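Visitor: Please take me closely through a single chain of this model, including how it is laid out and where it meets its partner. I would like the cut-offs behind each term as you go.

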Amino acid sequence: MTKKIILALTILVLSGAVALFVYKSEPKLNKNFDITGSFFKTHPFRLGLDLSGGTHLTYKADISLVPVGQVGDSMNALRDVIERRINIFGVSEPVVQVQHSGFVSGSDEQLIVDLPGVTDVKQAVDMIGKTPLLEFKIEAPKDAPRIVKVGKDGKIDLGSVDLGPQFTATELTGRYLQKATLEFDTNTREPKVSLQFDDTGTKLFAQITKSNIGKMVAIYLDGAPISTPVVREEIPNGQAVISGSFTPTEAKQLVGRLNSGALPVPISLLSTQTIGASLGDSATSAGVKAGIIGFAFIALFLILWYRLPGVVAVLSLSIFTIIVLALFKLIPVTLTTAGIAGFIISMGIAVDANVLIFERLKEELHAGRSIADAVSAGFTRAWSSIRDSNLSTIITATILFWFGTSLIKGFALTLGMGVLVSMFSAITISKVFLSLLSFMKENKFTRFMFSSGLSSGKVK
Amino acid sequence: MFIVKYKKIFLSISAVLVLLSVISMFYFGFNVGIDFKGGALMEVAYENDRPAKEDLAPAIEKLNIGSVLLQPTGDKGYIIKSRDLDENEHLLLLQALSGGEKNEAKETNFNSIGPSVGAELTRKAVISVILVSLAIICFIAFAFRKVSKPISSWKYGLIAVVALLHDVIIPSGIFVILSHFYGAELDTLFVVAVLTILGLSVSDTIVIFDRIRENSKEQNDNRQTDFKTIVGSSLDQSFVRSIATSLTVILVLLALVFFGPESTKYFALMLTAGMFFGTYSSIFLASPLLVLWEEHQKPRP
């Protein structure tokens with residue numbers, strides 16, 4: 001008996017501690033969240049885009065030029081580059097995922113980008129999609145053939161003839177760049193971008209500068225010349241400076257983009273989704289409201305119909321809720337509207353196990369057993385039904401999780417986790433508390449309290 | 001037990017409901033959402049009163065993006081449906097809706113899905129429906145592997161599948177009617193709802209069949225009672241728990257329908273219907289069917 005009391009108290013204290021963690025780690029519930037411990041700070045609920053507002057982009061990667069064996073590597077490189085580009089813009093907690101082609105997911109290699117808090121799709125697409133193409137070109141020989149356009153009437157279109165110096169491409173491109181930094185000219189205060197090449201780039205640059213002394217070297221960005229300095233001497237240390245008519249912001253962006261590198265594979269946008277922050281907020285509060293009201297409904301029903309065991313069931317349902325919420329924070333699970341729905345449904349299913357047990361308990365009481373015997377028999381005999389009835393839900397949740405789109409994954413994960421935790425909480429926790437209560441003195445009143453529905457607990 | 005006694009009435013009710021659902025599916029057709037067929041969906045809210053559709057139409061027509069459908073939503077908003085849009089078209093459409101900044105349309109939700117993504121999702125949905133159905137059938141076969149007399153286990157399994165179809169078809173029929181009158185669209189969540197109903201409803205049928213199995217094992221030894229009585233008393237013992245458990249799930253689902261987020265409303269409603277008919281079918285359809293089958297296989301006097 002003492003052992004059981006200690007066990008029950010331990011469960012209560014532990015779940016109290018877990019509840020405190022869930023409460024303390026939620027920024028909205030704590031006024032002084034900034035000064036709380038870092039453990040709490042790093043564990044708020046992770047909200048999906050449909051709850052927090054933001055942009056969801058799906059890109060298709062064109063891997064037609066990539067050798068078969070290297071697709072995985074290029075996709076990971078692509079993800080890293082995009083991640084770096086997003087980080088420059090200071091988006092909090094972006095999610096960039098690669099979705100490989102396969103039997104279920106279709107034939108495209110896809111990149112999925114979630115940007116919480118970003119609702120300007122245009123800006124988002126720009127920051128991800130722009131590949132800065134940096135090229136170094138040298139003056140073409142004076143007698144090189146000029147590119148001219150021929151008009152419709154067969155005559156040369158004189159307007160298209162560019163009489164300025166012509167440039168031809170060299171091998172030196174942004175690929176050989178090691179680092180770009182933002183600097184300001186000491187005299188003019190103009191922003192300039194200083195480039196440092198890697199080993200190959202340094203050699204190439206030295207060669208180019210050596211053979212073009214006195215001539216112009218043009219630096220092209222995205223196909224347009226931004227700077228055409230004249231080479232005065234050979235530059236062997238691999239350093240170059242671009243000074244054009246940048247604004248400081250432009251220069252800063254250019255540096256960021258150059259540092260994040262070029263995309264290893266071309267990408268094209270397949271689908272976009274934006275959810276306004278206010279819509280997300282109202283969905284969150286509606287989800288929380290539905291959860292609380294659903295919980296209240298169940299609690300009311302359990303206590304009215306199952307009396308004392310019902311109270312125990314409400315207690316174990318509360319502990320179930322606390323455990324699942326804490327798991328959501330610790331794993332962490334990204335919560336979406338569908339995910340909240342899955343969790344709320346799992347609350348209903350969690351009660352299912354207790355109902356099965358209590359119905360058996362009532363039968364055992366009718367059969368004339370004492371309360372203590374009826375409680376332990378009720379648990380043993382209900383187990384196979386509980387296992388069977390939850391198994392099919394777990395099977396469905398598993399297949400749904402594998403199905404893949406983030407919406408469904410969220411639902412399947414919360415539902416599956418809920419059902420698994422409920423098998424533990426409904427049985428173990430309810431059993432501890434119910435067997436503690438079953439040592440009460442046996443009389444008409446206690447038999448009534450242990451019975452349910454319209455029955456009075458008398459032996460039939 | 002009155003359920004077994006009046007089984008033909010209950011079986012007819014189920015048959016009529018299934019028939020009505022199938023007819024409405026063919027009559028109204030499924031209103032497929034952009035998840036599957038691709039397209040764009042935009043939701044905007046105006047600061048002042050929303051302009052009339054006719055006033056917006058000319059500006060939208062100029063964009064040349066095919067047919068654009070405007071549906072009023074809330075007090076001051078529109079839901080705009082069109083083919084899938086790229087970023088430029090998206091911005092131009094938003095400008096057209098704002099009508100020269102007199103009354104700015106604020107975008108609350110935008111979703112554009114390319115046709116290839118839609119096709120991919122359709123494939124995924126079909127594959128997972130097949131997989132879940134197969135898994136559930138295997139599960140049923142496993143759960144009834146030990147039953148034999150007086151009805152062999154495959155018949156339990158077959159009836160469980162019939163009940164399952166019943167539980168999926170009726171909510172789908174309700175959904176089709178809802179989508180016809182209230183514009184609910186067949187989207188990913190619909191597929192999830194169907195699959196979840198599959199999972200939830202089979203467990204209920206199994207619990208009742210479990211009871212019948214247990215009781216017929218006990219009764220088999222003295223062979224006094226006939227199968228009808230066994231089923232009747234099994235139902236007596238288990239229908240309270242059946243109703244109680246689905247009631248708890250239905251209670252939380254109703255909370256989701258009435259208080260939950262807008263986006264999961266129809267989803268929760270469909271699950272509620274699925275849960276309700278799942279419980280109904282295991283009590284009023286599956287068990288009476290079992291009795292009916294047993295009566296048929298007996299040699300007639």
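Guide: The model is predicted, so local features need pLDDT of at least 70 and side-chain atom pairs count only at pLDDT 80 or more, while totals for chains, interfaces and linings use all residues. Residues are numbered from 1 along each chain as its sequence is written, and chains are lettered from A and ligands numbered from 1 in the order in which they are written.

Two of the listed spans can be set beside the computed secondary structure, in which helices (H or I, at least four residues) and strands (E, at least two) are DSSP runs numbered from the N terminus. Residues 188–209 of chain B are 100% helix and 0% strand, with 32 Å between the end C-alpha atoms, and residues 9–30 of chain B are 91% helix and 0% strand, with end C-alpha atoms 30 Å apart.

Taken whole, chain B holds 10 helices and four strands, which follow the order α-α-α-β-α-β-β-α-β-α-α-α-α-α from the N terminus. Chain B is more spread out than a compact globule, because its radius of gyration is 25 Å, well over the 19 Å that the globule rule gives for 301 residues; the radius is taken over C-alpha atoms, and the rule is 2.2 Å times the number of residues to the power 0.38. Along the principal axes, the C-alpha atoms of chain B fill a box of roughly 85 × 35 × 30 Å.

The division into domains, whose bounds come from an automatic or database domain assignment, gives chain B a domain 1 (2–34 + 116–297) and a domain 2 (39–113). The centres of these two domains of chain B, taken over C-alpha atoms, are 42 Å apart. Of the contacts in chain B between residues at least 6 apart in sequence, 79% join residues at least 24 apart, a contact being a pair of residues whose C-beta atoms, placed from the backbone, lie within 7 Å. Buried residues make up 49% of the 301 residues in chain B; a residue is buried if 20 or more other C-beta atoms, placed from the backbone, lie within 10 Å of its own, exposed if 12 or fewer, and partly exposed in between.

B:I283 belongs to helix 10 (residues 265–297) of chain B and counts as partly exposed because 19 other C-beta atoms lie within 10 Å. Neighbours within four places in sequence aside, B:I283 is in contact with B:I3, B:I208, B:L235, B:F239 and B:S242. B:I3 is 280 residues from B:I283 along the chain, yet their C-alpha atoms are separated by 8.1 Å. B:L92, in helix 5 (residues 87–98) of chain B, is likewise partly exposed, with 17 other C-beta atoms within 10 Å, and its C-alpha atom is separated by 70 Å from that of B:I230, 138 residues away along the chain.

One backbone detail belongs here too. Most residues other than glycine have a negative phi. B:N64 has a phi near 60°, a positive value in a residue other than glycine, and sits in the loop between helix 4 (53–62) and strand 2 (69–73) of chain B. With 8 C-beta neighbours inside 10 Å, B:N64 counts as exposed.

Finally, the partner: 57 residues of chain B are in contact with 59 residues of chain A. On the side of chain A that touches chain B, the elements giving two or more residues are helix 5 (121–129), strand 12 (267–275), helix 8 (277–330), helix 9 (337–366), helix 10 (371–403) and helix 11 (406–437) of chain A. The residues of that side divide into 31 nonpolar, 21 polar and seven charged, where Ala, Val, Leu, Ile, Met, Phe, Trp, Tyr, Cys and Pro count as nonpolar, Asp, Glu, Lys and Arg as charged, and the others, Gly among them, as polar. Strand 12 of chain A and strand 4 (residues 105–113) of chain B run antiparallel and are joined by five bridges, two strands being paired if DSSP finds at least two bridges between them. Within strand 4 of chain B, B:N111 is the bridge partner of A:Q273.

Note on methods:
Two residues are in contact if their C-beta atoms, placed from the backbone, lie within 7 Å.
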